[in-house]
Amino acid sequence: MTNQPDPAAQAFGDERWMRHALALAGRAEREDDEIPVGAVLVGPRGHVVGEGWNRNIGEHDPTAHAEIVAMRQAGRALHNHRLVGCTLYVTLEPCAMCAMAMVHARLARVVFAASDPKTGAAGSVFDLLADPRHNHRVEVRGGVLAEEAGMRLTNWFRRRRGQPPLA
């Protein structure tokens, strides 16, 4: 008997938590007219310890990405800057800033939905989370509910440009 998680159970859990992150992305769009990116941070025991959505436009804060908002909340909840054993679910592949914050926080896993071919730092443009030069590596799983997350992002940008949303 090993302590390895059951892959089927982990995939089910990943989808469940990604749906939660997608709901947070919806709040970013509806409530704040922010780029619809949501993030939820789940602790080692399977409970939410932090969540957030993009707030950088409304708060005039370039660091207020969904991932950073969720990690700040989790740090306060856990009374620790280290988020050991936690998994972050985010609807868009993390950028370099967020990826390095995840390394410094010692996250166990990052699960993302849509890839970011322009600034993605979890394998698309950069691969900062798995870089062997760091003293900590974060396990990465991408593509969970990617189509839904990608369509939400595409349609948000289309509306901003005065174009009709895609089906």
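Author: Gly13 lies in helix α1. A helix here is a DSSP run of H or I with at least four residues, a strand an E run of at least two, numbered from the N terminus. This is a predicted model, in which local features need pLDDT of at least 70, side-chain atom pairs count only at pLDDT 80 or more, and totals for chains, interfaces and linings use all residues. Residues are numbered from 1 along each chain as its sequence is written, and side-chain values use heavy atoms, without hydrogens and water.

Reader: Why is Gly13 called buried?

Author: The relative accessible area of Gly13 is 17%. Buried means under 20%, exposed over 50%, and partly exposed in between (1.4 Å probe, protein chains only). Gly13 therefore counts as buried. Its C-alpha atom is 19 Å from that of Glu67, a residue 54 places away along the chain.

Reader: What makes Asp14 buried?

Author: Asp14 has a relative accessibility of 1%, so it is classed as buried. Asp14, too, is a residue of helix α1.

Reader: Which residues is Asp14 in contact with, leaving aside neighbours within four places in sequence?

Author: They are Tyr89, Arg109, Val111, Arg141 and Val144. Contact means heavy atoms within 4.5 Å.

Reader: Why are α1 and α4 called roughly parallel?

Author: Their axes cross at roughly 10° and come within 11 Å. Such axes are lines fitted to C-alpha atoms, for helices over the stretch in contact, with angles from 0 to 180 degrees between N-to-C directions. Angles under 35 degrees count as roughly parallel, over 145 as roughly antiparallel, 65 to 115 as roughly perpendicular, and the rest as oblique. α1 and α4 are therefore roughly parallel to each other.

Reader: Which residues make the contact?

Author: From α1 come Arg19, Leu22, Ala25, Gly26 and Glu29, and from α4 come Glu148, Ala149, Arg152, Trp156 and Arg159. By class, that is four nonpolar, one polar and five charged residues. Ala, Val, Leu, Ile, Met, Phe, Trp, Tyr, Cys and Pro count as nonpolar, Asp, Glu, Lys and Arg as charged, and the others, Gly among them, as polar.

Reader: How do you know that Leu145 is buried, and where does Leu145 lie?

Author: At a relative accessible area of 18%, Leu145 is counted as buried. Leu145 lies in the loop between β5 (139-141) and α4. Its phi is near 60°, a positive value in a residue other than glycine.

Reader: Why is His79 called exposed?

Author: The relative accessible area of His79 is 73%, and this residue is therefore exposed. His79 sits in the loop between α2 (66-78) and β3. Phi of His79 is near 55°, again a positive value in a residue other than glycine.

Reader: What makes Met97 partly exposed?

Author: Met97 has a relative accessible area of 33%, so it is placed in the partly exposed class. Met97 belongs to helix α3 (residues 96-105). Not counting residues up to four places away in sequence, Met97 touches Pro62, Thr63, His65 and Ile68. Between the C-alpha atoms of Met97 and His65, 32 residues apart along the chain, the separation is 9.2 Å.

Reader: What is the volume of the largest pocket, and which residues are the closest to its centre?

Author: The volume is about 490 Å³. Of the 21 lining residues, Ile35, Leu92, Asp116, Thr119 and Phe157 are the closest to the centre. On a 1 Å grid over the protein atoms alone, a cavity is a set of points where a 1.4 Å probe fits but cannot get out; a pocket is an open set with protein on both sides within 12 Å along at least five of seven lines, and lining residues have an atom within 4 Å of a point. Points are joined across faces, edges and corners, and the volume is the space filled by probe spheres set on them.

Reader: Where does the largest share of this lining come from?

Author: Helix α4 (residues 146-160) gives the largest share of the lining of the largest pocket, four residues. This lining has nine nonpolar, seven polar and five charged residues.
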